[in-house]
Amino acid sequence: MAQPSIRKNFILSTAYQIILVIVPLITAPYIARVLGPIGEGIYSYTNSIELYFAMVAELGTMSYGAREIARARDNPEERTHIFWEIEILTIITTCIMLGCWAVFIACSSQYRILYIILSLNILNCLFDVSWFFAGMEQFQYTVAINTIFKVLGTIALFLFVKDEGDLALYTLIMNLTTLLGTMTMWIALPKFLVRVKLGNLHLKKHLKETLVYFLPSVATSIYVYLDKTLLGVITKDSMQNGYYEAATKVVNLLKAVTFTSINSVVGSRISYLFAEEKYDEIHRRINDSMDYILFLGTGIFFGLLGVSENFVPWFFGDKYLPTVRILQCLSPLVLIIGISSCISIQYYTPAGLRKKSAVYVIIGASLNLILNLLFIPRWKSEGAAIASVAAELTIAVLCVSNCGDYMTWRHLWKLEWKRLVAAALMLVDLLLTAHAAASHFTALLIQFFSGSAVYLLVLYGLNDSFLNGYVLRRLREYRNRLREKHS
């Protein structure tokens, strides 16, 4: 089988992440104004409850499955065995959790209709084989299919969701389009699988391994989902969840741009490289990924601090003004999670050290739970945001401190200090131009172009490793090729 092109896969994955950014940029302002903070808060709360069941149904197979398929990519019979072993295990766990979910719904008197619709997301775990294509480094299949259904879902939202009473319809569209996209992935599977005897499948060995991946997933859920659950339980105020949901939407979009695509592509390749024992290339790819993530993540972190005051009322509306402070509190996550996820996905997971990283996640999650219980009663959604940042910072520190020479603090500082200088100067510029125009949109445009110019010019002057050593070098190479072509 031909070696997949990592550049092509990165472009495809990045293109899809851009689509994931564009779609919410189009729909989020509309949904915020149609459903309001209360409607979005109810959706956020009910969805957080359902995600616990979906997480158990998945049982850590997404990361584990991708790694195992990547290791067996060149052996059709072995990868087919691995696929069916992991998939059958997922079918069993999903069916068990659907039964548990049915009992939960039967015992619930509030939001029952929403919970029934959210069953589709648990069912989605049964059909989701994106982990297989990730391991095969065949991202064109998942990108194409998901893009089609994202577009269809967006059209449906504008056609059918008109007011606060359409919350159930909004939930249905969001979950049904995801499920249909997932099911469609199965059409391409026969291209990569061969006939095997199902009697030769061994599920037990995968159950043990997936549990290792499942434990950090449980811990992660504490600070990804539990903060929303606790906001609903402690404050009993759906608007607090609505404000928090709006802020996390923005952060998640920016996380997708900063590191999701590069981690998914390079992580699969590094799993293959570990199997081939090509350690020098592994070092190089992790370093290049971290350089890229720090370049974008630092700028976005400081940029969010400076533009939130104009961005939130323009994007979500004046009803969401409390989201400004929450978004500013959450802004460091783009950089912090970028660092920890790069090392976790590109080193700990491919190297088979998931147990080690799981301990760090559990420590961070435990801290998050304690801080949530302390901060939410006093500061509500802002308290949840502070707790999340503290937890993620703890995990990032532990990941960097214990990954050997794959990434050291000294090297991290060498890559980062110039970005911090440039970002600090950019923040000063953003604060000075925050009220440069009467409308939020015009002021935001001025801030964006002015702030970006300051950040890039300072980094250019400091001879930044990514901007000068990669971006500008590639542009010069492209310009030279054009000259040679026309000479």
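Gly352 lies in the loop between α14 and α15, where helices are DSSP runs of H or I of at least four residues, strands are runs of E of at least two, and both are numbered from the N terminus. The model is predicted: local features need pLDDT of at least 70, side-chain atom pairs count only at pLDDT 80 or more, and totals for chains, interfaces and linings use all residues. Residues are numbered from 1 along each chain as its sequence is written, and side-chain values use heavy atoms, with hydrogens and water left out.

Gly352 is partly exposed, at a relative accessible area of 42%. Here buried means under 20%, exposed over 50%, and partly exposed in between, with a 1.4 Å probe and protein chains only. Beyond its neighbours within four places in sequence, Gly352 is in contact with Arg67 and Arg71; contact means heavy atoms within 4.5 Å. Gly352 and Arg67 are 285 residues apart in sequence, but their C-alpha atoms are 9.0 Å apart in space.

Arg67 itself belongs to helix α2 (residues 61-71). Its relative accessible area is 11%, so Arg67 is buried. The Arg67 side chain makes a polar contact of 2.8 Å with the side chain of Glu68. Such a contact is a pair of N or O atoms within 3.5 Å; within protein, one must be able to donate a hydrogen and the other to accept it, and residues adjacent in sequence count only if both atoms are side-chain atoms.

Ser341 is found in helix α14 (residues 333-348). It is buried, with a relative accessible area of 10%. Leaving aside neighbours within four places in sequence, Ser341 is in contact with Phe259, Asn263 and Gln346. Ser388 is 47 residues away from Ser341 in sequence and 15 Å away in space, C-alpha to C-alpha.

The largest nonpolar core has 73 residues. A nonpolar core is a set of buried Ala, Val, Leu, Ile, Met, Phe, Trp, Tyr and Cys residues joined through side-chain atoms within 4.5 Å. Met290, Phe311, Phe316 and Ile343 have the most contacts inside this core. Helix α12 gives the largest share, 15 residues. Apart from this core lies another, of 22 residues, among them Ile86, Trp131, Phe133 and Ala134.

The largest pocket has a volume of about 980 Å³. Of its 26 lining residues, Leu254, Ile300, Val307, Phe448 and Ser452 are the closest to its centre. Two or more lining residues come from each of α1 (6-58), α11 (238-276), α12 (279-315), α17 (409-432) and α18 (440-461). On a 1 Å grid over the protein atoms alone, a pocket is an open set of points with protein on both sides within 12 Å along at least five of seven lines, whereas a cavity is a set where a 1.4 Å probe fits but cannot get out; lining residues have an atom within 4 Å of a point. Points are joined across faces, edges and corners, and volume is the space filled by probe spheres set on them. The largest share of the lining, 10 residues, comes from α12. By class, the lining has 21 nonpolar, 5 polar and no charged residues. Ala, Val, Leu, Ile, Met, Phe, Trp, Tyr, Cys and Pro count as nonpolar, Asp, Glu, Lys and Arg as charged, and the others, Gly among them, as polar.
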